[in-house]
Amino acid sequence: MTRSFATTVLLALSVLWVGCATTQDGSGGTVWVGKGLPAGIDEATLEQAADAEAARAVAQVWAVAGDVHEVGARLAFTFWSERGALTLEAYEASGRGGTAGRPVDSDAALDSLRTLFEAYAKQRTGEVRLVLLRQESGWAMDYESSRPTRRPLEAKTLPVRWEGTPTATREAQTDGLARLLRAVSLPAGGAARVEVEARLDDGRVEGWELKGFQVTRSGAGGEPRAVPEAVHAEAEKVLRPFVEGLGPRAVRVDLVLAHREDAARAGGWVEGARVVRASPPPGFDADAVAEYRALHEDILRRWREGVHEGFAWLAQRGVEELALWYVGGVLAKGAGFLAVRGGGIVLKALRQGREAAAGWLRTMLTRLSGGEKRAFERLWAKVQLEGEKALSAGERQELRALMARIEQLAKTPLKSTEKDPIREQARKLYKELNPHLAQAMTTNAEKWPVHHRRPLQYAHLFPDENINAPVNLAVVEVSTHRRINVLWDRFRRARPQPTADEVLKATEAIDSQFKAWYHRVGGAVPSTRTPEEAEKVALELLQGFFGGLD
Amino acid sequence: MGTSALPGFDRLLEVCERLGLQQSVLPPGRHPPEPLAPFAGTPLDPALASFYSRVGKAILAADADGLVIFQVDDGINQLEAENNALRAGWQGGFFVPLFVFGGRPLLAHYFATVPDLSDPSGFQPVVRVDTYERPYALPIASTVDRLFDTYSRYLEELVAHEDFDADGAAALSFPWKVPHLLARDDRLVELIREGRFDALMTDPDAQAWAGEVLNAHSRR
């Protein structure tokens with residue numbers, strides 16, 4: 001038990017689990033997907049950020065508690081704590097409405113809060129619950145942490161070294177609440193419960209909605225009373241730490257209002273607030289959702305710690321490297337920009353799962369000009385970091401046109417000018433995926449081209465599939481590759497406008513004869529046939545299927 | 001017939017050096033081929049003969065885009081082998097015979113001279129052949145050395161391009177995105193205008209691109 005001055009601090013450290021879930025097993029490549037620490041972050045930096053995080057939490061909790069004077073009031077703040085990052089999950093208040101106590105020594109109370117957050121909460125992973133009990137002239141504080149349960153979707157895992165949402169932004173965000181509550185009136189002498197919901201996305205309040213209003217005591221009649229300003233202000237202060245969370249979600253806030261017939265104004269308080277979670281983007285499995293969220297958190301953290309530096313970091317990575325982030329962003333926030341006539345290809349392509357979706361997007365982006373790619377990056381970064389509302393009318397139109405162009409491109413045959421970059425990308429990707437072949441492919445480069453099993457010429461017949469998908473690529477010795485190309489050329493002459501099914505059938509026929517030569521750089525080929533014989537059999541198969549290949 | 005100077009090749013080496021691009025050059029054989037000597041049934045282009053009198057094989061700027069000139073020295077005659085192999089393959093798709101002498105690393109893109117279009121001294125124009133899908137060719141230089149010159153200027157523009165760091169060679173693909181560089185080659189433009197490459201330019205986008213070369217030339 002720790003006691004300080006006028007503040008009674010009951011440190012009921014009923015710690016059921018005190019281990020640390022922080023992993024140090026390396027980052028997920030050049031972008032962070034949730035393992036270890038992001039590039040550029042060391043333990044010292046993390047510690048500084050955790051200190052800033054604790055200081056903000058102290059200020060936010062005291063902003064609420066400092067205005068609560070009723071003896072017996074009990075305030076409970078439940079945070080998710082990880083690596084020193086603190087995200088408020090729930091707030092509950094009880095015992096309100098009683099007699100006001102004597103003034104509190106706020107410095108002593110703040111000291112106690114600092115001790116709790118810096119010495120205890122910062123070290124824990126999992127839920128930490130801070131309970132403040134108002135006494136006659138001080139606060140008793142009870143703290144406990146529990147075994148980590150499933151991390152809430154909105155929880156941060158990296159502390160952020162920033163000042164928090166600027167005051168002007170906060171005021172603008174709660175204007176909506178004030179407008180909403182102006183429409184609510186309380187019967188004179190009565191009491192009511194009001195339920196409002198703030199729609200949040202990362203640190204933005206996107207809107208407010210009145211979810212319920214119930215008169216719990218009718219009163220004696222008379223001039224209805226407005227919701228007092230003090231309740232608006234308390235709701236804003238309660239909401240403030242929730243806003244530090246991640247992703248789309250809502251915060252449900254319960255207000256209690258009461259009017260005593262002998263009082264000029266109504267009174268009231270916030271009785272509770274809790275997160276209402278949104279579904280993750282469709283098309284992603286749990287692992288992909290976790291990776292997307294980690295990537296998004298790191299980007300948001302960089303942006304919060306320095307907007308300019310954050311955007312510079314994004315620009316250096318480029319859209320190809322951050323494809324997963326853009327895929328997640330389009331899936332989560334893209335509906336308004338994908339309302340293209342006959343559309344749906346982009347959504348279908350991006351709902352194929354993490355790797356396929358990111359690969360498809362990377363390939364499609366190679367078809368855009370440099371300026372279009374930069375616009376894609378700039379506009380989607382803005383949507384993801386500042387929200388769709390931050391787009392100007394012009395930017396909204398530009399993004400809509402860009403998405404329509406991608407949709408259209410997917411259905412359009414590749415031009416010859418577009419094929420070289422896609423082949424370059426295929427070569428790079430193949431070498432990354434097959435490091436055991438990369439050396440030979442590099443030293444004797446011209447001998448080992450990368451073959452597209454389903455040719456680029458027919459990519460538009462499979463618009464939601466990635467023509468550079470690993471399954472479609474195979475390194476083949478150059479003379480064998482020439483034989484395959486000759487077969488495709490004959491197919492083209494026989495079927496100038498083939499269907500997707502015909503292309504699939506031809507692919508299968510050619511693969512069936514040449515797959516023994518795929519993915520081999522040197523060494524014996526496990527085939528009893530020569531490439532010449534394989535070509536002959538494949539030609540017979542194609543001739544049998546389609547005719548006209550003589 | 002003696003060998004000629006190669007100012008374009010010298011410029012290409014200088015550009016690679018200046019831009020810090022990779023250069024891999026093998027020494028020539030002791031008995032390099034003579035100009036117009038028969039190779040795979042075709043008289044050897046005099047500029048290529050000059051090249052092989054100085055160099056056995058070159059791979060240049062493979063870290064940016066990449067140009068490979070096949071190996072011919074005392075031990076290996078890649079020119080002979082490649083041309084014989086290619087004639088059995090995609091060359092049958094062309095009515096005009098080509099003589100392949102190089103390409104791009106790891107891509108089935110080749111550089112070839114066109115023997116039927118040689119000038120009175122035996123110098124042949126150069127095309128870039130894309131053998132993926134249905135083979136087609138694009139005219140890219142009036143001589144082999146002119147290719148080296150044009151390619152050196154392409155590398156300068158590529159490396160200076162704002163998207164080069166992010167996109168590599170895709171930022172400015174050769175020769176599709178640089179018709180203005182090809183338009184510097186008056187003899188090439190003349191041949192294109194006369195339709196001398198039409199039989200090779202079977203790609204649906206090729207004629208439009210050739211029009212861009214002609215337009216760029218007329219603006220000079």
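Reply: B:Arg196 counts as partly exposed, because its relative accessible area of 40% falls between the cut-offs of 20% and 50%. Keep in mind that this is a predicted model. The salt-bridge partner of B:Arg196 is B:Glu194, with the closest N and O atoms 3.0 Å apart. B:Glu194 is partly exposed too, at 44% relative accessibility. Salt bridges can also link up through shared partners: A:Glu195, A:Glu197, A:Arg252, A:Asp254 and A:Arg274 are joined into one network that way. Over all chains, the rule counts 61 salt bridges.

Let's go to a pair within one helix. A:Asp111 and A:Arg114 form a salt bridge with their closest N and O atoms 2.9 Å apart. Why can these two pair up along the helix? They are three residues apart in helix 2 (residues 106-120) of chain A, so about one helical turn separates them. A:Asp111 has a relative accessible area of 42%, which makes it partly exposed, and A:Arg114 is partly exposed at 34%.

Compare that with a pair that joins two chains: B:Arg104 sits in the loop between strand 6 (99-103) and strand 7 (109-113) of chain B, while A:Glu424 belongs to helix 12 of chain A. Their side chains meet in a salt bridge at 2.1 Å, N to O. Are these two residues buried or exposed? B:Arg104 is buried, with a relative accessible area of 4%, and A:Glu424 is buried as well, at 14%.

On the side of chain A that touches chain B, the elements giving two or more residues are helix 10 (370-386), helix 12 (416-433) and helix 14 (478-494) of chain A. The residues on that side split into 14 charged, 10 nonpolar and six polar. In terms of contacts, 30 residues of chain A meet 35 residues of chain B. The area buried between the two chains is about 2700 Å², with carbon and sulfur atoms giving 48% of it.

A:Gln425 is buried, at 18% relative accessible area. Apart from neighbours within four places in sequence, A:Gln425 is in contact with A:Glu320, A:Arg362, A:Thr363, A:Thr366 and A:Asn468. With A:Asn468 there is a side-chain polar contact of 3.2 Å.

A:Asn468 turns up again beside A:His452, where a polar contact of 2.6 Å joins the two side chains. A:His452 lies in strand 13 (residues 450-452) of chain A and is buried, with a relative accessible area of 6%. Not counting residues up to four places away in sequence, A:His452 touches A:Ile422, A:Arg423, A:Ala426, A:Ile467, A:Asn468, A:Asn472 and A:Leu473.

Back towards helix 2, have a look at A:Gln123. This residue lies in the loop between helix 2 and strand 5 (126-134) of chain A, and it is partly exposed, at 42% relative accessible area. Its C-alpha atom is separated by 9.7 Å from that of A:Ala50, although the two residues are 73 apart along the chain.

One last stop, the nonpolar cores. Which members of the largest one, with its 77 residues, touch the most other members? They are B:Tyr154, B:Leu155 and B:Phe197. Helix 4 (residues 144-160) of chain B gives the most to this core, with seven residues. Leaving out neighbours within four places in sequence, the contacts of B:Tyr154 are B:Asp65, B:Ala169, B:Leu172, B:Ser173, B:Phe174, B:Val178 and B:Leu181. There is also a second, separate core of 55 residues, which includes A:Val68, A:Leu86, A:Ala198 and A:Leu200.

Definitions and conventions:
Residues numbered from 1 in each chain as written. Chains lettered and ligands numbered in written order. Predicted model: local features only at pLDDT ≥ 70, side-chain atom pairs only at ≥ 80, totals over all residues. Heavy atoms only, no water. Contact = heavy atoms within 4.5 Å. Buried area = accessible area lost by both parts, 1.4 Å probe. Salt bridge = Lys/Arg side-chain N within 4 Å of Asp/Glu carboxyl O. Helix = DSSP H or I, 4+ residues; strand = E, 2+ residues; numbered from the N terminus. Nonpolar A, V, L, I, M, F, W, Y, C, P; charged D, E, K, R; others polar. Buried < 20%, exposed > 50% of the residue type's maximum accessible area, 1.4 Å probe, protein only. Core = buried A, V, L, I, M, F, W, Y, C linked by side-chain atoms within 4.5 Å. Polar contact = N/O pair within 3.5 Å; in protein donor to acceptor, adjacent residues only side chain to side chain.
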